[in-house]
Amino acid sequence: KSKILKEAKKLFWNYGYSNVSVRQIAKAAKVDAALIPRYYLSKLDLFKTTIGSFDAQTLPIIWLASALA
């Protein structure tokens, strides 16, 4: 679970929410994509979990990157 979260955080930061797939996250975390729904209800749920680990100054940058992607 921690590998998934770590890699999702990196991918969302670098590419924005809309440009990252669950399969990409699974590949980066070196896990089967079928494992992700066991921990997270959806890609949005995973995204919300990752943004909880960013500080308040970083969040606007992530949202802007996602909107521009």
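## About the model

This is a predicted model, in which local features need pLDDT of at least 70 and side-chain atom pairs count only at pLDDT 80 or more, while totals for chains, interfaces and linings use all residues. Residues are numbered from 1 along each chain as its sequence is written, and side-chain values use heavy atoms, leaving out hydrogens and water.

The side chains of Lys-10 and Glu-7 meet in a salt bridge, at 3.4 Å from N to O. The term means a side-chain nitrogen of Lys or Arg within 4 Å of a carboxyl oxygen of Asp or Glu. Side chains of opposite charge can pair when their charged atoms come close. A search of the whole structure finds 1 salt bridge.

Glu-7 is buried, with a relative accessible area of 16%, whereas Lys-10 counts as partly exposed at 41%. (Buried is under 20% relative accessible area, exposed is over 50%, and partly exposed is in between, using a 1.4 Å probe and protein chains only.)

## The buried side of helix 4

Now for helix 4, which spans residues 43-51. Helices are DSSP runs of H or I with at least four residues, strands are runs of E with at least two, and both are numbered from the N terminus. The buried residues of helix 4 are Lys-43, Leu-46, Phe-47, Thr-50 and Ile-51. They cover an arc of only 135° around the axis, so they sit on the same side of helix 4. That arc is taken from the directions from the helix axis to the C-beta atoms.

Thr-50 is buried at 1% relative accessibility. Leaving aside neighbours within four places in sequence, Thr-50 is in contact (heavy atoms within 4.5 Å) with Leu-5, Ala-8, Lys-9 and Phe-12. Lys-9 belongs to helix 1, residues 2-15, and counts as partly exposed at 28% relative accessibility. Lys-9 and Ile-51 are 42 residues apart in sequence, yet 7.7 Å apart in space, C-alpha to C-alpha.

## Rings and a charge

Which residues form the aromatic cluster? They are Phe-12, Tyr-17 and Phe-47. The whole structure has 3 aromatic pairs. Rings of Phe, Tyr and Trp (its six-membered ring) pair if their centres lie within 6.5 Å, and planes under 30 degrees apart count as stacked, over 60 as edge-to-face and the rest as tilted.

Lys-43 lies over the face of Tyr-17, at 4.2 Å from the ring centre. For a charge to sit over a ring, NZ of Lys or CZ of Arg must be within 6 Å of the ring centre and within 35 degrees of the ring normal.
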